[in-house]
Amino acid sequence: MGKKSKYLVTAALPYANNYIHIGHIAGAYLPPDIYVRLKRLNDEELVFICGSDEHGTAIEMAALTENVTPKEIIDRYHYSNKESFEKLNIKFDIYSRTSNEIHHKTAQEFFLNLFDKNLLTQKTEKQLYSEKEKRFLADRFIIGTCPVCGFEEARGDECENCGSNLSPLELINPKSKITGDIPVEKETTLFYFPFGSYQEELSKWIDSKTDWKQNVINYCKGWFKTGLRERAITRDLDWGVKVPLENQNGKVIYVWFEAPIGYISMSKELFIEKGNPDGWKDYWFDKDTKLVHFIGKDNIVFHSIMFPAMLMAHGDYILPYNVPANEFLNFSGAKFSKSKGNGILVKDIVKIFPADVIRYALAVNFPETKDSDFTWDDLQAKNNNELAAILGNFINRTVVFAKSKFDGKIPSAEIKNENDEKILESIKLSASRVNEFIDKFRFRDGITEMMNSVRAANKYFNDSEPWKLIKSDKARCGSVINTCLEICHSIAVLINPLLPDTSKAILEILNKDESDLKWNKIGRRVLKQDTILGENKILFPQIEDSLIIRLNEEYSSKTEKLVETDETNLVSIDDFRKLELKVAKIMDCERVPKSKKLLKLKLKVGDKSKQIVAGISEYYEPEKLLGKLVVIVNNLQPSKLMGIESQGMLLAAKKNGELKIVTVEGDIEEGADVN
Ligand SMILES: [Zn+2]
């Protein structure tokens, strides 16, 4: 036997300026948790690393916007997100943070290693500088028009509309995101890393990765085709890892250069905690370690090109074994996005549903090869029709039978027949297929296989007809129920990586400890005859329609549906004329107390006045709206929002997280008809 491999599994470091949502979980956190739990049941040696990414302009920006320190921002999201993972039973060996001293030191050492080898170039160049704010405006501190697609709110590092990577100098009409100040060009000296020099080596390396996911390979090839450029790896900023050289005051290492080094520093931290400070080297310096980066597709370039290039340049470390990036999970056809605020936050959903139900509903929909969709109705259906009707049902009917007909004890299996051995054998085979699927990052296939095993178990129960046998042949009946209880144990192991709480609950019913919670025990007989069964419980209570209806209402207001014009939604001119669109003038405007989104507007429509409550508070300051001529739907049925009557609707245009109200150009008297 050859040397057994070790696994170094990482999950993308969540950015500590926002709460994680279920799209993140389906993309980069639940897949590795299942993967790691399965490897552990197989006694594989591994560590599972994650933590908060706590530098970068987004955090400094959030701090400036809220008028708090960056430390307050990162503490808020770090601890909240850590708790969210725990509540979903996503169990890292360490969940640390890049603001820790050990990370700063590790990143600085990495930087100096490259500097000492003369791999970094220093260039003096013009950057945008705000005289008013007395700072260089890097990355997200600057917005302007995208030179590629014309989007007017493109950021200095990236256009969210077309996905182009940008530098601040490329933006047309740049201005400060915070103050709107028009910046000047000022010289600064930055360090560059020559990614282009590694293109050939990277390209060969990617070519050798024939088992990588096609989306990842295609993405990398796209980058190679464009050609890798050198990129600045330092920034003129306050918040971050200081550049460890003289005369570098006010300079930090670019967040995307230092963040992935976090996987190394967090490994160090983990082994210090374990009392084995050098233990991390057994992973990072050992060519037999399989380094697996779980990420979402937006992180592919950093994990399969940039970080590997940095690791190649450094030379001491292993390269990734695989980067199984997922696509995105959408919500009822709308994109989850931080800026749109329409995500289902983990901290919220764990208050409504048990962790295992959430894990299952997400896992069967993992966006493995293309974007997938999450809906509340689907979660309900998965719980009621699969978890309860198939899995819960098998455990329940077996335990209920044993309790009522065999004094609540595990009966003897003295009259076995070949059907008993066949079902156990088939579950064992199924387990090896699950193992293969998940080893290849085909989680959905693995989960289908798990559930097929449980379906087969139900069929065995039905075909054996224990309810008839109990009258005709109690000893044979006992053997069937004994086998069913053994199957319950096998299922507890089989589903453990996906549904850890349910697995534990089944073991408790079987009065079994975790000693046989091993993958190679699946399909084997491990129970002791005459063991008294524990208390039975309903593993998956039904999810009622009323709850789903409520959630649909609550969350649909947070999403934007695409309206497609097709033959079926054309309206006649008569239908259109039923709508009374009018020009109105905003006379007064104030925030609705306790609401983040709502503004209360007083409008003049001809000689009448009207009150409208509109969800635009995130986009407009109340005072900026005074005197504007806007277009409203005048004859909308009145409704109440947060107890305040709204007597119409404001027309607004919305896309890419931006919203603009429809205004009237030039002068026209309010009350004018719009058609
Ligand atoms: Zn663009």
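Let's start with helix α18. In α18, the buried residues are Pro500, Thr502, Ser503, Ala505, Ile506, Leu507 and Ile509. Buried here means under 20% relative accessible area; exposed means over 50%, and partly exposed is in between, with a 1.4 Å probe and protein chains only.

A word on the source. This is a predicted model, where local features need pLDDT of at least 70, side-chain atom pairs count only at pLDDT 80 or more, and totals for chains, interfaces and linings use all residues. Residues are numbered from 1 along each chain as its sequence is written, and side-chain values use heavy atoms, with hydrogens and water left out.

What covers the buried residues of α18? The cover includes α1 (22-41), α12 (355-363), α13 and α17 (474-494). The helix names follow DSSP runs numbered from the N terminus: helices are H or I with at least four residues, strands are E with at least two. Just after α18 comes Asn511, with a positive phi of about 55°. Hold that thought; positive phi will come back.

Now α12, one of those covering helices. How many of its residues are buried? The count is 9 of 9, so α12 is mostly covered. The buried residues are Ala355, Asp356, Val357, Ile358, Arg359, Tyr360, Ala361, Leu362 and Ala363.

Next, α13, also in the cover of α18. Helix α13 spans residues 376-405 and packs on helix α15, residues 443-464. The angle is about 40°, and the axes are 10 Å apart. That makes α13 oblique to α15. For the terms: axes are lines fitted to C-alpha atoms, for helices over the stretch in contact, and angles run from 0 to 180 degrees between N-to-C directions. Under 35 degrees counts as roughly parallel, over 145 as roughly antiparallel, 65 to 115 as roughly perpendicular, and the rest as oblique.

The crossing of α13 past α15 is left-handed. Left-handed means that the near helix is turned anticlockwise from the far one by less than a right angle; clockwise would be right-handed.

Who meets whom? From α13 come Glu386, Ile390, Leu391, Asn393, Phe394, Arg397, Thr398 and Phe401. From α15 come Met451, Val454, Arg455, Ala457, Asn458, Phe461 and Asn462. By class, this contact of α13 with α15 has 8 nonpolar, 4 polar and 3 charged residues. Contact means heavy atoms within 4.5 Å. Ala, Val, Leu, Ile, Met, Phe, Trp, Tyr, Cys and Pro count as nonpolar, Asp, Glu, Lys and Arg as charged, and the others, Gly among them, as polar.

A second pair: α1 and α14. They pack at an angle of about 135°, with axes 10 Å apart. That makes α1 oblique to α14. The crossing of α1 past α14 is left-handed. On the α1 side, the contact is made by Ile34, Tyr35, Leu38 and Lys39; on the α14 side, by Val434, Asn435, Ile438 and Asp439. The residues of this contact between α1 and α14 divide into 5 nonpolar, 1 polar and 2 charged.

Back to phi. Most residues other than glycine have a negative phi. Lys134 has a positive one, near 55°. Lys134 sits in the loop between β4 (121-130) and β5 (135-136). Is Lys134 buried or exposed? Lys134 is exposed, at 61% relative accessible area. Asp407 is not a glycine either, and its phi is positive at about 55°. Asp407 lies in the loop between α13 and α14 (418-439). Asp407 is exposed too, with a relative accessible area of 67%.

One more residue: Glu670. Where does Glu670 lie? Glu670 is in the segment after β25 (658-661). At 15% relative accessibility, Glu670 counts as buried. Leaving out residues up to four places away in sequence, Glu670 touches Val583, Ala584, Lys585, Lys604, Val605, Gly606 and Leu629.

Finally, the whole chain. There are 675 residues, and 55% count as buried. The secondary structure comes to 21 helices and 25 strands. The C-alpha trace spans about 95 × 75 × 45 Å along its principal axes. Among contacts with a separation of 6 or more, 74% join residues 24 or more positions apart.

The domains are domain 1 (6-105 + 255-335), domain 2 (109-253), domain 3 (375-521) and domain 4 (567-661). Those bounds come from an automatic or database domain assignment. The C-alpha centres of domain 3 and domain 4 lie 57 Å apart.
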